[in-house]
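Have a look at the structure before reading on.

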Amino acid sequence: DAAAGGALAAQLARQLTVRMLAAYPVGALTVVVVDLAGRGAAAGSLEPLLSSGQGTLAPPVGTPAALRDLVERLVARVDLARMAASAGLADPAAGTGAADRTLVVLHGFPFGLDERGLAGLWLLIEEGAPAGVDLLLVADPADVAAAGPAATAVWQAAYRLVPVPDDCMGDPWVGLVWTFDPDLAGADAPMVAALACLAGARRPG
């Protein structure tokens, strides 16, 4: 059912986030959790990072106004990277003034997003990576379809993973589907241990 699927999707998003954090040096990736329906409560799944104060996890975004501000700031960051690339800078992300990559974990997509916000997300999916911006959207495909063509365009531009075994993953780059088997069974203890290790790490210097 939808509730069970939503819980599995949130669990998969948590695992992917922890694995990305573990793959980067401390301080090289900052995670921003967006959860409008829960007013930021989804960030609690990343404890003890949330209360560690070490800066890996930014304050959660829980209101439409805060989400609009976040999207606008990240779109501006992409624009700076574009200008840096046009100027011949070898690393366009260095031209944004940001010291690290940003991973936005957006729960409940497309809830709370207007046409401008959806256009901003589409731009971030298409051109955010060179500017150091990555997106992880957590959504029910039925909600996306009901939200209209702008939300559907954003959804179709992204890799679409499923939280249930032996289902298909949508690949927008080649237009094919692949069987995807999420590694969720019995995985909570390693995730808790990894989060504790990440929370105890300190930025260099």
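Buried means under 20% relative accessible area, exposed over 50%, and partly exposed in between, using a 1.4 Å probe and protein chains only. Note that this is a predicted model: local features need pLDDT of at least 70, side-chain atom pairs count only at pLDDT 80 or more, and totals for chains, interfaces and linings use all residues. Residues are numbered from 1 along each chain as its sequence is written, and side-chain values use heavy atoms, with hydrogens and water left out.

Helices here are DSSP runs of H or I with at least four residues, strands are runs of E with at least two, and both are numbered from the N terminus. Take α7: Met191, Leu195, Leu198 and Ala199 are buried. Seen down the axis of α7, those buried residues fall within an arc of 95°, so they line one face of the helix; the arc is that of the directions from the helix axis to the C-beta atoms. Over on the other side of α7, Ala189, Cys197 and Gly200 are exposed.

Now the rings. Rings of Phe, Tyr and Trp (its six-membered ring) pair if their centres lie within 6.5 Å; planes under 30 degrees apart count as stacked, over 60 as edge-to-face and the rest as tilted. That rule gives 1 aromatic pair. Phe109 and Trp155 have ring centres 6.3 Å apart and planes at 15°, so the pair is stacked. Phe109 sits in strand β2 (residues 101-109) and Trp155 in helix α6 (residues 149-157), so the pair ties together parts 46 residues apart in sequence.

| Residue | Relative accessible area | Class |
|---|---|---|
| Phe109 | 1% | buried |
| Trp155 | 15% | buried |
| Ala145 | 56% | exposed |
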